[in-house]
Amino acid sequence: MAAKGISVDLNKPLVFQVGQLGDDYEEWINKPILSKEGPRFFANPILEFLTRTAWWVIPLVWLPVATWFVLGSVKMGLTPTELAATFLTGFFGWTFMEYTLHRFFFHKNFKGYWGNTVHYLLHGCHHKHPMDSLRLVFPPAGAAILASIFWNLLFKPFIPPSIAPALFGGFLVGYVAYDLTHYYLHHGKPVKGVSHKLRRNHMDHHFRNHDSGYGISSNFWDRVFGTLPPERS
């Protein structure tokens, strides 16, 4: 796979190779390799292990964390009605965050060696190897860093103390729903209904037009902002 005389060897760890593609990086990642066997990212076995995550790890790790946050609001006196409304608001808020991150960050055209390298780790690898079953969900170590940033910069400073934990709990459950939906859209076989439409839109995003169809767990924000994939002829 050559770009401007630079060759990417798929038989060697990829992460520190892809940055050298420069302006050709985006074109390279959008020529997918349809193999369930993922490439090696790092020569270091510990780093390599941290990039691979089975789908069932996500609910196992994050649902207890979300429950702990929700119980924090219960202990501070939120009524069942307030708790439900707050939780659902957080859940819905995740769908907007999902859309925003995917559209404006994961599909930003980063330039330079390190921009391409970081982008490949976060999202480019998924477009290059969309069927890699162990890199379809976000590794817990990376998700923990992002969750800490969201909690400490967005939730804790600006939301009343009794509401913030339940709101964040709903946000985390929204994230779990997103990651599991994403895995199902790639490896499940829905034939009708909402899941079928979501899968069709997501496959269009990968294989027809990667500048549309940014919603994964919902196409609500794609409808709001006019980024649904074009209708198939």
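## Salt bridges

Lys111 and Asp23 form a salt bridge (a side-chain nitrogen of Lys or Arg within 4 Å of a carboxyl oxygen of Asp or Glu), with the closest N and O atoms 3.4 Å apart. Lys111 lies in the loop between α5 and α6 and Asp23 in the loop between α1 and α2, so the pair ties together parts that are 88 residues apart in sequence. Both Lys111 and Asp23 are exposed; exposed means over 50% relative accessible area, buried under 20%, and partly exposed in between (1.4 Å probe, protein chains only).

The structure holds 6 salt bridges. In another, Asp204 meets Arg208 at 3.2 Å, N to O; Asp204 is buried at 4% relative accessibility, and Arg208 is partly exposed at 45%. Salt bridges with shared partners join Glu48, Arg52, Asp132 and Arg135 into one network.

## Basis

This is a predicted model, in which local features need pLDDT of at least 70 and side-chain atom pairs pLDDT 80 or more, while totals for chains, interfaces and linings use all residues. Residues are numbered from 1 along each chain as its sequence is written, and side-chain values use heavy atoms, with hydrogens and water left out.

## Helix α6

Helices are DSSP runs (H or I, at least four residues), numbered from the N terminus. Helix α6 (residues 112-128) spans only 19 Å between its end C-alpha atoms, whereas a straight helix of 17 residues would span 24 Å, taking 1.5 Å times one less than the number of residues. The helix α6 bends by about 70° at Tyr120, the bend being the angle between axes fitted to the seven residues ending there and the seven starting there.

Terms used. Helix = DSSP H or I, 4+ residues; strand = E, 2+ residues; numbered from the N terminus.
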